[in-house]
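Subject: Structure handover

Hello,

Here is the structure for you to look through. My notes follow below it.

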Amino acid sequence: MFLFRWFPSGMFRSLGVAFKNLFRRSITIRYPHVRAHIPERARWAVEINYDEDGMHRCTACRICEKECPNHLIDIDVALGEDRSRHIKRWYYRRGGCMMCGLCVEACPTDAIKMGHDYELAHANPDLLEYDLLTDVAAYKRARTPRPADTAATQSQNQRGESNRDA
Ligand code: SF4
Ligand code: SF4
């Protein structure tokens, strides 16, 4: 009985666990020699969403700037004499970004997106702050008539036709 109490059963149990794991498939990878597969919907830092012609779609409305809970976006906009907008600087402080995606969801023109690059670490914190756009004209959306305007125009046209018939 005394001998049984001092028998190192824990040691054999741990050896058993180690032996079992020798033949299991590894769940780690040899990064950076092997890169992990990132799911399509994973999101990392904010990026500009360029279209197929390489054009951005930022209208400089500054909604994203107001939506960011951490105040990481700062858009410097200049107004031209013809009231056109010019983006002097689209500044993004990535170091404080929690990748919530609220700015992307709020953007009315899909001008920004959450990127897929996960190798974002830098020893120098200055490299975590940068301009996504500099000195570019803001995107101008084609104007579509509002439903109210369309209805008013149709009733005007109908009134004009009935006057002509009279
Ligand atoms: S990125 Fe989108 S929400 Fe932000 S200023 Fe440009 S158009 Fe507006
Ligand atoms: S992803 Fe979230 S925290 Fe990062 S810039 Fe956009 S709103 Fe701000």
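**What I found**

β2 and strand β3 (residues 85-93) pair in the antiparallel sense, over seven bridges. Please keep in mind that this is a predicted model.

Val77 has Ile87 in β3 as its bridge partner. Asp74 stands opposite Tyr91, also in β3. The hairpin of β2 and β3 has five residues between the strands. Within that hairpin, Arg83 takes a positive phi near 70 degrees.

Three strands form an open sheet, in the order β2-β3-β5, and the pairing is antiparallel. β2 (73-79) and β5 (129-137) stand at the edges. Each has a single partner strand, so one side of each is left without a neighbour in the sheet. From one strand to the next, the twist averages 10 degrees. If you look at the side chains, remember that in a regular strand they alternate between the two faces of the sheet.

**The chain as a whole**

The protein chain has five helices and five strands. Along the sequence, the pattern reads α-α-β-α-β-β-α-β-β-α. There are 166 residues in the protein chain, and buried residues make up 11% of them. I also looked at contacts between residues at least 6 apart in sequence. Of these, 74% join residues at least 24 apart.

Helix α2 covers residues 9-22, which is 14 residues. From its first C-alpha to its last, α2 reaches 20 Å. That is close to the 20 Å expected at 1.5 Å a residue. Is α2 buried or in the open? The number of buried residues in α2 is zero, so this helix lies largely in the open.

**The two ligands**

Around ligand 1 there are 13 residues. The closest are Cys58, Cys61, Cys64, Cys107 and Ala111. By type, the shell around ligand 1 divides into 10 nonpolar residues, two polar and one charged.

Ligand 2 has 13 residues around it. Cys68, Cys97, Cys100, Leu102 and Cys103 come nearest. The shell around ligand 2 divides into 10 nonpolar, two polar and one charged.

**Backbone points to check**

Most residues other than glycine have a negative phi, and most peptide bonds are trans. A few places in this model depart from that.

Start with the peptide bond between Tyr31 and Pro32. This bond is cis, with omega at about 5 degrees. Pro32 sits in the loop between α2 and β1 (46-48).

Next, look at the loop between β1 and α3 (63-67), where Ala60 lies. Ala60 is not a glycine, yet its phi is positive, at about 60 degrees. Why does Ala60 count as buried? It has 22 C-beta neighbours inside 10 Å, and the cut-off for buried is 20 or more.

Arg62 is in the loop between β1 and α3 too. Its phi is near 70 degrees, a positive value in a residue other than glycine. Arg62 is partly exposed, with 15 other C-beta atoms within 10 Å.

Best wishes

Conventions. Residues are numbered from 1 along each chain as its sequence is written. Chains are lettered from A and ligands numbered from 1 in the order in which they are written. This is a predicted model: local features need pLDDT of at least 70, side-chain atom pairs count only at pLDDT 80 or more; totals for chains, interfaces and linings use all residues. A residue is near a molecule or strand if its C-beta atom, placed from the backbone, lies within 6 Å of it. Ala, Val, Leu, Ile, Met, Phe, Trp, Tyr, Cys and Pro count as nonpolar, Asp, Glu, Lys and Arg as charged, and the others, Gly among them, as polar. Two strands pair if DSSP finds at least two bridges between them. Helices (H or I, at least four residues) and strands (E, at least two) are DSSP runs, numbered from the N terminus. Axes are lines fitted to C-alpha atoms, for helices over the stretch in contact, and angles run from 0 to 180 degrees between N-to-C directions. A residue is buried if 20 or more other C-beta atoms lie within 10 Å of its own, exposed if 12 or fewer, and partly exposed in between; C-beta atoms are placed from the backbone. Two residues are in contact if their C-beta atoms, placed from the backbone, lie within 7 Å. The expected span of a helix is 1.5 Å times one less than its number of residues.
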